[in-house]
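Here is a short briefing for a first look. Please keep the view open while you read.

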Amino acid sequence: MAKRLSRRRLLEILAGLPLISGLVSGAAAQAQPKMRVRPGDPAWPSDAAWDELNRQVEGRLIKVRSPLAACVGASTDPACAQVFKELKNPYFLGDEVGLTQSLGWVGAWTSRPSVYAVATKATADVVAAVNFARKNNLRIVVKGGGHSYQGTSNAADSLLVWTRHMNAIEMHDAFVGAGCAGQAEPQPAVSIEAGVYWRQAYDAVTTKGGRYVQGGGCMTVGVAGLVLGGGFGSFSKAYGMAGASLIEAEIVTADGEVRIANACSNPDLFWALKGGGGGFGVVTRVTLRTHMLPDFFGGVFATVRATSDDAHRRLIVKALEFYAQALFNSHWGEQIRFGPGFVEFSMVFQGLDRQQTEVVWKPFFDWIAASPQDFAMPAAPRIGALPAQRFWDPSFLTSIPGLVIADDRQGAPVDDIFWAGNLGEAGAVWSAYQSAWLPASLLDTDRRQSLADALFAAAKHQEVALHCNKGLAGAPADAIAAAKDTAMNPAVIDAFALVISDALGQPAYPGVPGHEPDAEAARSQFDAVNLSMNEIRKLLPRVGSYVWETDFFQPNWQDAFWGENYPRLRAIKDKYDPEGLFFLHHGVGSEDWSADGFTRVN
Ligand SMILES: Cc1cc2nc3c(=O)[nH]c(=O)nc-3n(C[C@H](O)[C@H](O)[C@H](O)COP(=O)(O)OP(=O)(O)OC[C@H]3O[C@@H](n4cnc5c(N)ncnc54)[C@H](O)[C@@H]3O)c2cc1C
């Protein structure tokens, strides 16, 4: 019923006619687009229509051209060598309307520019773009930070809503959502426009504002995009998911309406925006809860190598025991990586100082040191803590060699830095990426051995990493309660970690001689990741996976991403976007569309 009413409402808006029930229902059935239009189709908008859109958005319509276009078939061009160098700079990628942070995924997708983009500055620009796409039956796509691994922020033959230039950030001491006065406690918060990436948010909230907001680990990830998928950062074990911190969003829905979604207005839509994975409209602003900063943030980095398979097995068991006993709490996040013959710790902490951290880790390092015939550490462990307010402070971070890399383009803002650890992913072409939530029960003494066996077997094929900040078991009660009130797969609540295995190649693009993706290498990498994750999946009766960090080919994706929340999400999608304007690969409702989102199949 909701679906039909919304369709009628859509037609009413389109035609500018009063609602006359019988007549409109028949017309609505006829008007339902089965195929979206592409350039060259007779129904593709005329130049005059595009000019009119450009006028409405005050000149912010862009005819998109990818910097890679000139390189296809022309690798000797020196300009192309420069382009391939720039593809390792996440800020270059973010500033290019025709590019995305990943260039593709072999056998899955290739980054393709839209035909036109609206570089939105204001909500009205978004409204104009959404109305234009709907009226002209266009494929529309939304890009913020452009970090989607699934390629869901690019589509050939489409109109792009590019939010990069919507950058306002406003701190609040006591925020109450619109319409919530008297129903909700005022709380400290920050309102962030859709184009802001996390480095900018941390700069405003932490470095300048002295507060904490839950965001992503990678500094160039988009704020709105991260929230829509649930969103984890290094300290999520303490503060929960970014999506669960959402207090309010402004969103333009498929009918072109600007809506406020919060606990009091459009609460169903509000819930779907917290981890529903996008596809419910274009979010123009999010307001997120902020927290007091702890005194310190810090990290522990250590690699332990084992001299034999037997020693490696014992090392894995010990690492799990150490995690379960000492690190399985709200202080600790990030990764324990298992590869052939080694275990590597890249752990971060909050709310401890350096001395306390050393005490926590001493028994583990003593255990390693007691068996030099079995274990070696190629370098001494690095343990560091810093005042939390300086954790994202560019002037401080650039003083530590090798920690961050700056945008090296001429005239780039000096504060535009990114973690050196994220360099490998800039411009990547993926061969495989798989993930699964691991229930905390696997850490119980009677199950730990089977987890260790699985990790040992997995590591023989391909490295796997436990992302301990991407499962909420061990988090404080308020973070867990907030997570329960989101659209995320409830498996995240009981999980102590998200296990990830992936494989990538460096920047490459089909048709660029000398820079073609290596399909053969990708195939064997894919096989290795698959074999590796199969070892882990054997332990799991039901596989849950994080929608933003998952397999493009994820089987049973509705269940894997959202579990029992999927039917509710689907109903909300049908209510707010009954014609499926906002399609994305493995997004809610995408089963009604062809893989490219152009043809309605249901
Ligand atoms: C290097 C790297 C690091 C990452 N680190 C993390 C991490 O620390 N934590 C984590 O949880 N994930 C991480 N991710 C995964 C993931 O890509 C992001 O969580 C999220 O998708 C990024 O949003 P974005 O705006 O950068 O990307 P985009 O590709 O622009 O957007 C992602 C999706 O959200 C949609 N979208 C974006 N903005 C809007 C909007 N305003 N309205 C409606 N839809 C919108 C897009 O259409 C797309 O489908 C990382 C990815 C990469 C490549």
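The notes below cover the ligand and its surroundings, then a set of paired strands.

This is a predicted model: local features need pLDDT of at least 70, side-chain atom pairs count only at pLDDT 80 or more, and totals for chains, interfaces and linings use all residues. Residues are numbered from 1 along each chain as its sequence is written, and side-chain values use heavy atoms, with hydrogens and water left out.

**Shell around the ligand**
- The ligand is surrounded by 30 residues, each with a heavy atom within 4 Å of it.
- Val142, Thr152, Ser153, Phe232 and Tyr546 are the closest.
- The shell divides into 14 nonpolar, 13 polar and three charged residues. Nonpolar means Ala, Val, Leu, Ile, Met, Phe, Trp, Tyr, Cys and Pro; charged means Asp, Glu, Lys and Arg; the others, Gly among them, are polar.
- β5 (140-143), α8 (223-229) and β12 each supply at least two shell residues.
- α8 gives the largest share, four residues.
- Helices (H or I, at least four residues) and strands (E, at least two) are DSSP runs, numbered from the N terminus.

**Atoms close to the ligand**
- A polar side-chain atom of Ser153 lies 2.6 Å from a ligand oxygen atom.
- Tyr546 also places a polar side-chain atom 2.6 Å from an oxygen atom of the ligand.
- A polar backbone atom of Phe232 is 2.7 Å from a ligand nitrogen atom.
- The protein covers 96% of the 940 Å² of accessible area that the ligand has on its own (Shrake-Rupley method, 1.4 Å probe).

**Paired strands**
- β7 (residues 169-175) and β8 (residues 187-193) run antiparallel, joined by five bridges. Pairing takes at least two DSSP bridges.
- Met171 has Val190 in β8 as its bridge partner.
- Five bridges also join β8 to β12 (residues 282-292), again antiparallel.
- Val190 stands opposite Leu288 in β12.

Technical notes. A polar contact is a pair of N or O atoms within 3.5 Å; within protein, one must be able to donate a hydrogen and the other to accept it, and residues adjacent in sequence count only if both atoms are side-chain atoms.
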